[in-house]
Protein chains: 2
Amino acid sequence: MTQSVGAPVAGVGVGMGNAGSPKPDTKELILDAAERLFAEKSYASVSLRELTAAAGVNLAAVNYHFGSKDALLIAVFRRGAVALNKERARLLRDAEERAGGGTPPLREIVEALVVPSIRYSFTSTRLALYNQFVAFARGDGPPEAREMLDKDVGHLQRFVLPLARALPHLPQQELYWRLHFMMGVQHSLYTDMKRLETLSGGQCHLDNLDAVAARVVDFVIAGLEAPYRAPGG
Amino acid sequence: MTQSVGAPVAGVGVGMGNAGSPKPDTKELILDAAERLFAEKSYASVSLRELTAAAGVNLAAVNYHFGSKDALLIAVFRRGAVALNKERARLLRDAEERAGGGTPPLREIVEALVVPSIRYSFTSTRLALYNQFVAFARGDGPPEAREMLDKDVGHLQRFVLPLARALPHLPQQELYWRLHFMMGVQHSLYTDMKRLETLSGGQCHLDNLDAVAARVVDFVIAGLEAPYRAPGG
DNA sequence: GTTAAATTCAAACACTTGTTTAAGTCAATC
DNA sequence: GATTGACTTAAACAAGTGTTTGAATTTAAC
């Protein structure tokens, strides 16, 4: 708010479209390091000195390019959420086109929702900070963080109607619950893999993407298709 | 390590069994406040000044009674984990006795595992710090924290054999995965309820314990019983 | 009622935190 | 080649951190 000189703070750059990467951009170096460290440790426990050292940039670079540590966290989360939701939307659209205006098979809807995040859990730690971001947004975080979470729910909303059509035996309220459980299952892939590894004595890892995706989808579809029992019945 | 006077640090008290609570014990006041604040915000973002103020005790009380802030977090997690695992073990034992040495019904095994944590998600925020504790233990946390997580997995191991007997169509590796997914579903009850509420437009809450438990158990049982497809088949 | 231990308290400690500043560097423009 | 603006740098800043101290107070035992 008391910025004196022309710092970008949250701008998109001066004009260069940033296509290709001719040299390691400081901004992205910071985002990458932050994504990794915030996920491995936690937002509050990673100092800007540790973070900038890991990124190989100067301490002041974070405040210069993002404005504050809080704004950096939001930027990290935004970058991940945008990429994830874009891929989910694309897969869902493809499935709907294949169905020719009709209702896509349940399996394809579920895959559109869970496969992108499974893919990310193989290639990056991007998603592991979701829970931390939730805590941050609901705690001392700025309102902008809360709005981002709401927007994320909005993208999820896109899946409600297709799911409802594919699961006509479920009242809408029950559908919301089961969609929520479904998200919980895929969360288990990047919040707790260490537990699965020790539980299984090292038998189970994130090794084969297709195999893991099939496991998740089979489990989730069975849960979604479970017969509905009216409460108190 | 350089303790000069006789501070308890991690002792169980001088001899009074602490049965009943004649007056608010400082130690438990701290544990209660820490449990709530660590879960709502995060371990690293809650200062001891904020915490002790919320608990209504002196700043130095944490270091006097627990030794350090890290040791306090461990104590909080231990208290919750012990209570939870004790109740789970009791329910499983009851189910096994009802089965008279045979294999209890799948539903009762699942209920023994998930109902206690669902109950806690109604009455306290105790479990919401699980993910945070995992991050802490795997990050800068002391080895004692890691051992606690391993012990927690040990209690989970207790359920593997009964589940395997109730689900004879599953290879053991697949069983581990599905048990892991099952934990993910119940995690969704205390890490992300806000998302479910906004997603459903306020229709879904944690209102009725039995109804929620039934939903979770139905979903999970269907997932566990899903037919097994050999990978690549 | 005295003694001794356990606990509480306010104050200070050494240190780290996120942030800011002002001088410096570098590349491009005219 | 001077000028402008974007960016980097090292140093400093004020505020907050977990922890320690030593005296005051409470508690229990004899």
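Student: How many residue pairs are in polar contact across the interface of chain A and chain B?

Tutor: First, the ground rules: this is a predicted model, where local features need pLDDT of at least 70, side-chain atom pairs count only at pLDDT 80 or more, and totals for chains, interfaces and linings use all residues. Residues are numbered from 1 along each chain as its sequence is written, chains are lettered from A and ligands numbered from 1 in the order in which they are written, and side-chain values use heavy atoms, with hydrogens and water left out. A polar contact is a pair of N or O atoms within 3.5 Å; within protein, one must be able to donate a hydrogen and the other to accept it, and residues adjacent in sequence count only if both atoms are side-chain atoms. Across the interface of chain A and chain B, with both residues at pLDDT 80 or more, the number of such pairs is 12.

Student: Which helix gives the most residues to the side of chain A that touches chain B?

Tutor: Helices here are DSSP runs (H or I, at least four residues), numbered from the N terminus. α6 (130–138), α7 (143–157), α9 (172–191), α10 (193–199) and α11 (209–225) of chain A each supply at least two residues to that side. With 17 residues, the top contributor is α9(A).

Student: How many nonpolar, polar and charged residues does that side of chain A have?

Tutor: Sort them by class. Ala, Val, Leu, Ile, Met, Phe, Trp, Tyr, Cys and Pro count as nonpolar, Asp, Glu, Lys and Arg as charged, and the others, Gly among them, as polar. The side of chain A that touches chain B then has 28 nonpolar, 16 polar and 14 charged residues.

Student: What area is buried between chain A and chain B?

Tutor: Contact means heavy atoms within 4.5 Å. Chain A brings 58 residues to it, and chain B brings 58 residues. Buried area is the accessible area (1.4 Å probe) that two parts lose on being put together, summed over both. Carbon and sulfur atoms give 61% of a total of about 5300 Å².

Student: Which residue of chain B forms a salt bridge with A:D218?

Tutor: A salt bridge is a side-chain nitrogen of Lys or Arg within 4 Å of a carboxyl oxygen of Asp or Glu. The rule finds six across the interface of chain A and chain B. At 2.9 Å, N to O, the side chain of A:D218 meets that of B:R229.

Student: Which side chain lies 2.8 Å from a base oxygen of DNA strand C?

Tutor: A residue is near a strand if one of its heavy atoms lies within 4 Å of it. DNA strand C is surrounded by 17 residues. A:S47 puts a polar side-chain atom 3.3 Å from a phosphate oxygen, and A:L48 puts a backbone N or O atom 2.8 Å from one. The base oxygen is 2.8 Å from an N or O atom in the side chain of A:R49.

Student: Which residue has a polar backbone atom 2.8 Å from a phosphate oxygen of DNA strand D?

Tutor: DNA strand D is surrounded by 18 residues. B:S47 has a polar side-chain atom 3.3 Å from a phosphate oxygen, and B:N63 has one at 3.2 Å. The backbone atom at 2.8 Å belongs to B:L48.
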